[in-house]
Every structure is written in C-alpha cells, then in structure tokens.
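Please examine the model displayed here. The dialogue that accompanies it shows how some of its features may be read.

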Amino acid sequence: MSAHANLVVERWTRESRVALAVAALAAVLLALGPLWLGANSVDRLTTLFIYVILAVMWNALVGYCGLVSIGQQAFFGLGAYFAVRLADSGVSVYPSLFLAAFIVGALSLPLSALMLRLKGGEFAIGMWVVSELCHLLVNLDTLINGETGTSLIALNAYPTDLRRALTYWCAFAAMAGLLAVVFFLLRGPTGSAIQAIRDNEQAAESIGVRVTRAKRTVFVLAAFGAALAGALWVATAVTFQPKTYFSPQWTAYMIFMALVGGLGTFEGAILGAVVFFAIEAWFGAAGVWYLVGLGAAALVFALALPRGIWGWVEDKTALRLLPVGYRVHFLAERNAAPTAPSEKNAT
Amino acid sequence: MIFVNQIIQGVLLGGYYALIACGLSFMFSVMRIINLAHGSLAILAAYALFVLADRYDVSPFLGLVVVVPAMALVGAGLQRAVLERSARGGLLVPVLSTFGLSIVIDNLLFEQFGADTRSLAPYIGDLSYDSWSLTDDIAIGKLAALTMATAIVLLGGIQLFLNHTQLGRMIRATAEDADTVGLVGVNARRVNALATAIAMATVAISGAFLAMRATFDPYAGALQLIFAFEAAVIGGAGSLWGTLFGGIVLGVAQSLGASVSPQGFFLAGHGIFLVALFLRLYFGDFGLRLRRFARRAA
C-alpha cells in the first residue's frame, strides 16, 4: 500500500478501541457473576454462554469458511457423551468436560480428510449422516442405556451452589477462550486465507493459499467448540439422552443465531446468540409456533438479509466494534464522516 | 437361504429409496441445488393423501391424481419464491433457506396433525400385505414390487424425457448454461420452474409409497432426506440410473445389517454411504465406472 501515499490501511478504529474496553469490562463483571448474581441469573447466563459458543463456532465454519454443516450436533452430542463417559470412568467431572472436547477435536481430524472433499449441499447433508452415525454408535455403549439415557451423576459430589458457580465459570472460560481464539485466528493469516477460500476457492489456491490446511483448522476448531458446548450443556442439564443431544435442532439454532445476527461478521454471531436467547425466553413457551418462527426467520434472512442484522448495521454505518478485517481509506477521507469506505477483507 | 431372502427384500426396499432419491438427484443434476426440504415435502404429500383418504374416502391412488399436480404447483412456486433467489446468493444460501423451509413445514404439519403416526396402509386394502410366495422362505410383497416398478418407470421416463424431447433438451441446456440459453430464446426461469415442478411431482409419488408401506409422522422428513441423499451419492449424484443402483445398494446393506443386529439396519446404511463416499472421493466415481463397464460389456 505504500505505493499510494494517500492510502491508509486501518485495522483498529477509535470505536473499536472503546468497544474492546467495554468488552473487557463486561468480561470482568461476568467473570465475577456468581458472586453478585442470583441463582436464576447465573443459570440463565450459563445457557447464554453456551449459545454464544455455538453461534460463534458455526459462524466461523459457515460465515467465514463457507462450509454449511447440518451435522454439528454430531460434535455437540459426542462432547456430552465423552464427558459422561470420562466422568463415569473416574475422571474428575469438570476437567472431563474439557478433556471430552479435546477428544472430539482429535476425532474430527481424520473425519475432516473425508468430509472436506465434499462441497456445498453434499457437505451439509454428509455431515448430517455423520451425526446420525455417531448417535447410533453412542447408543451401542451400554453405559448410555440406549435412548433412555443416563445422567452425569458425578455432579452430585458438589453442593448445588458450588456446582452452579463452577459450571458457570467453566462456561464463561470456554466462551471467552474460544472468542479470543476465533478473534485472533480471523485477524491472522488463517482468517484471510479462509475468507479467500469462501469467496473463491480456485482463485485462493492459485495465489498460494493452502486451502486444505486452512479449512481443516476451522473444521477442527468448530468441532472442538461444539463438543465443549455439548459437554457444558450436559453439566447444566445433568441428564444425557442421546436423542436430545444428536438432534438437528441444535444446528437449526446455530443457523438461526448466525443468520439473524450476521453471517460472516464476528460481532454478529454474539448478537445472534443474545437475540436467540431473548426470543427463547419470551416465545419458547409457544412451542410449535416458536419453531415455525425460527425456521421462517432463517428462511427470510437467508433470502433477504444474508448478512444478518449486524451485516446490515456494518453496511449502513461502517461501524466495526471488534474488527477482524482490513479497511483501506483515502487519507483525505479519514477524518470525514465514515460513509461507505471501501472495505477489503484482505487476501 | 435366509440371506437370499434378505438380499431380495433389500433390493425391493432399494426401489423405494430410488423413488425418493429420484427428485433430489434430478434437481441436483439440473439446478445444482440440494433441496433440504425434500423429505419434508414428501411427508407433506403423504399428509395430503392421508386427508383425502381419511376425510373424503378417496383411495390413495386416485388421490395422486390431485396431489401430484398440486405438488408440481408447489414446486414451481418453490422455485420462484425460494430457490431462484437463493441460487443467486451462491452455494451457501440454498442450503440455509431450504433447511429453514423444512423446519417450517415439519412444525406446521405437527401443529395441524399432532404427533400421531399415520399410514395409508388401511386405505389400500390387501395390497398392503399381499405377496407372491416364491419358495417357503421367500415371498415378494406386491406393494414392494409395485414400488420397484414405479421407480424404474419414473427414472426411465425422466431419462427418456431429458434425452429425446424438446423440453428435456431445454432443461439440460439450461443446466449447462442458464445465461446462454436465453440467447437462443429459452426462458431459463420457466424451464427451471418446470424442472422443479417435475421433481416435486416425483416427491409426491414417493411420499405416497412411503405412506403406504410404512408409517409416518410430521418429523419423518429428515430421515427420508438422508435416505434419498445416501442413495443419490452412492449411485453418483446427478445420474438417474445410478440413483436406482444407489438405492438398491443402500436397501441391501440395510436389510443385511438388520439381520445381524437390531441397530444394524441404520448402521449398515450409513456405513455403506461413508464407504461409497470414501471410494468416490479417493478412487473416482464408482457408479460412473460401473456404468461404463456395463456399456463396454454390452
């Protein structure tokens, strides 16, 4: 860019520095949550953290990498299963949540060799088949008692209040850690690589992007994240019924959160999780109509507003709170009103 | 001898899978779209036939006279309202929008009909259980044979239609290059709407056979989509005769799996799919090779 003296490449803006400070402050307040919040709020926030993990992981896979999967419930279910399995074989219950996610992440590596050769809809449904297969295989374990399921009984060793706080902290740490990993991954060379792949795989390959490696990184990370979410979910719900965990409904939630919040925007996935959390709290009791609404919202957003609420806000206001891309400005424009700057998601 | 029977039953079951996969494979070959609402739409057709049979005493076969054109109209509308807009958004959007649509259809059906499982078997008389006995161990169900015959006629008919009619050539040309066909006076939008209508007509027929041979409920669509997809991929996506082959492979695998263990039915089905996928991805299109081999041998 130095060839053009009047061009500046910007990564951080003033708003984004403020946003980061606010996010850091919120993180500190949330980290101390169990000390100043009521039991109900702690439980609700734990759920929200898990939704944020699911949304951000799915968004990384789909919005940035262009891999739509209808089978992320495979990893969600496996994460929960391995947590139960490990806890049953004597591993301390909270470490087993994280250990389970690492096991699933490791398992997703060989799987990626097969699945990442598929494209578009074939990848999407192929992953769904994988999840059905995982469900059947988990049912073969006698510990699970088939569809009857089992419970994470090891949690009984902790008094209720301590258990609530520990689960909260685990969920918070998982969310914060994964958000940081995704943020820095997307800002770094891998982020540029995967967005180039999403936009045009052949072109990306021709300029030297290592397509397979970049896709595999995100695939494994998304599997790890979904597994951690599943393990945390079983820690909050206590019961493990394979049918509930391996349900494509989880993917439907992820699609809703990422689409409504903003596919391919970092802030959007978080916003989507908050929106979904609020909608579930208000309309969840409406049962079937609530699900019809979720499906219809996904349909409408996919057709009319594919970059979601946050994508729309970004397009209108050029606001970037947690910027993962690059922005190129003419120097003269820099201090003027930020109307439609040319945005480059760098390659 | 027991395995001979398992294989025969598996082949017949494959007829149903070929039938349900037919529309999916056709749409993929023509429009490069995998419709995730495919299974849900088959269940929608099944409920339409159920309502006709239950409330108005219309036999399911007669009901198809109404339901097939109705589903074709649904298909044309689907193309105009959803798929056409989606396809412009790249590879991602059709998957997301049709998945959203399937959630809407499933839950609306649940809202309307509740969780009860239904079947059309009571409305087709002795066809649902009649069979021809070949030996003491082996019997061929009349309905299963009819399903297989329908699958062959439908797949063959679509193949002939695509290869030998003006309209079929227009559909294939649009599939190749939708912009260029406009230059020679083909209305690509209308052709795609027609292709989706044909696909949905086959979905209505497969929904009917599903409902006659088994039970269904509002959420049964997901599994039908998976079976259809597995059959289409095993046979080599986009090839109609390959789809029949794929359906039969899937059916035989499930049938043999079921004779080994209770979970074997689904495990063997998904397993054979992954094996076929592995072979295709690492050793090329198996179905294609087999067809070439058959052609050379003939």
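This is a predicted model: local features need pLDDT of at least 70, side-chain atom pairs count only at pLDDT 80 or more; totals for chains, interfaces and linings use all residues.

Q: In chain B, where is confidence lowest and where is it highest?
A: The term pLDDT denotes the predictor's confidence in each residue, from 0 to 100. The average for chain B is 84, and 93% of the residues score at least 70. Helices here are DSSP runs of H or I of at least four residues, strands are runs of E of at least two, and both are numbered from the N terminus. Confidence in chain B is lowest in helix α12 (residues 286–297) of chain B, with a mean of 62, and highest in α2(B), at 91. For the complex, the predictor gives an ipTM of 0.82 and a pTM of 0.84.

Q: How many residues of chain A are in contact with chain B?
A: Two residues are in contact if their C-beta atoms, placed from the backbone, lie within 7 Å. Here 34 residues of chain A are in contact with 33 residues of chain B. On the chain A side, the elements that give two or more residues are α6 (120–139), α12 (249–261) and α14 (288–304) of chain A. The largest share, 12 residues, comes from α6(A).

Q: How does the side of chain A that touches chain B divide into nonpolar, polar and charged residues?
A: Ala, Val, Leu, Ile, Met, Phe, Trp, Tyr, Cys and Pro count as nonpolar, Asp, Glu, Lys and Arg as charged, and the others, Gly among them, as polar. That side of chain A holds 25 nonpolar, six polar and three charged residues.

Q: At what angle do helix α5 and helix α8 of chain B pack?
A: Two packed helices are described by the angle between their axes and the distance between the axes. Helix α5 (residues 142–164) and helix α8 (residues 188–213) of chain B pack at about 170°, and their axes are 11 Å apart. Since angles over 145 degrees count as roughly antiparallel, α5(B) and α8(B) are therefore roughly antiparallel to each other. Residues making the contact include B:L143 and B:L154 of α5(B) and B:I205 and B:F209 of α8(B).

Q: Is B:S239 buried or exposed?
A: A residue is buried if 20 or more other C-beta atoms lie within 10 Å of its own, exposed if 12 or fewer, and partly exposed in between. B:S239 is buried, because 21 other C-beta atoms lie within 10 Å. B:S239 is found in the loop between α9 (221–234) and α10 (240–260) of chain B. Of the 21 residues of α10(B), 17 are buried, so this helix is largely enclosed by the rest of the structure.

Q: Which value does phi take in A:V238, and which in B:D57?
A: Most residues other than glycine have a negative phi. A:V238 has a positive phi near 70°; A:V238 lies in the loop between α10 (211–237) and β3 (239–240) of chain A. A:V238 counts as exposed, with 12 C-beta neighbours inside 10 Å. B:D57, which is not a glycine, has a positive phi of about 55°. B:D57 is found in the loop between α2 (38–56) and α3 (60–88) of chain B, and B:D57 is exposed, with 9 other C-beta atoms within 10 Å.

How values were computed: Residues are numbered from 1 along each chain as its sequence is written. Chains are lettered from A and ligands numbered from 1 in the order in which they are written. Axes are lines fitted to C-alpha atoms, for helices over the stretch in contact, and angles run from 0 to 180 degrees between N-to-C directions. Angles under 35 degrees count as roughly parallel, over 145 as roughly antiparallel, 65 to 115 as roughly perpendicular and the rest as oblique.
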